[in-house]
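Work through the exercises below with the sequence and the model in view. Try each task before you read its solution.

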Amino acid sequence: CRGCRADAVGVLGEEMGCSQMDLLKACASMARKPEENRPYIAVGSLEGVLVNQHLGEAAYLWIFAKDRTSDFGYHKLVDTRKTPDAGLGKLRWVQLAELLHDCRAVLVSGVGQSPRNVLEESGIQVVEMEGLIEPAINAVYDGQEIRQPKWTRKPCGVACGGNGMGCS
């Protein structure tokens, strides 16, 4: 249809004016949501101590909050959330982004490019790592780099179909 375009600005077949381009650039540089509106961090974990689960294989995500009564940055478990069913393709990741609307980050041991893109476009930082949950959560809250062991996990493939079978 020539009446609309994918970027919702202007009309197909017509040049975009400078004001339209400036508007698109301004919108692209806007913060998605302030961190105050995203107090939690989601974690892919089998037992709640280690980040050790691939996002596509996680049936539940553990939701942690910074314990504001402590000066040491300790965390507390506030919720567990069932992830959307496998087999939905990209819709699964859109539903997951909606489920994690109040999370500033998700920590997982592996993630495909498709879920990473959807979550990051929704303003959720995706951290691929393995190790203890507590220091990783503290690093995210403090805006610091997460220290990783010297060994590295084999990176995920190019695509993650959302079918629960890992990356391909």
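Glutamate 120 and arginine 116 both sit in helix α3, 4 residues apart, about one turn of the helix. Helices (H or I, at least four residues) and strands (E, at least two) are DSSP runs, numbered from the N terminus. This is a predicted model: local features need pLDDT of at least 70, side-chain atom pairs count only at pLDDT 80 or more, and totals for chains, interfaces and linings use all residues. Residues are numbered from 1 along each chain as its sequence is written, and side-chain values use heavy atoms, with hydrogens and water left out.

**Exercise 1.** Find how far apart the closest N and O atoms of glutamate 120 and arginine 116 are.

Step 1. Recall the rule: a salt bridge is a side-chain nitrogen of Lys or Arg within 4 Å of a carboxyl oxygen of Asp or Glu.
Step 2. The closest N and O atoms are 3.6 Å apart, and the pair forms a salt bridge.
Step 3. Check the cover (buried: under 20% relative accessible area; exposed: over 50%; partly exposed: in between; 1.4 Å probe, protein chains only). Glutamate 120 is partly exposed at 34%. Arginine 116 is buried at 16%.

**Exercise 2.** Name the residues that salt bridges with shared partners join into one network.

Step 1. The network holds Asp79, Arg81 and Asp102.
Step 2. Take one link: aspartate 102 and arginine 81 have their closest N and O atoms 2.8 Å apart.
Step 3. Aspartate 102 is in the loop between α2 (90–99) and β5, and arginine 81 is in strand β4 (residues 75–82), so the pair ties together parts 21 residues apart in sequence.
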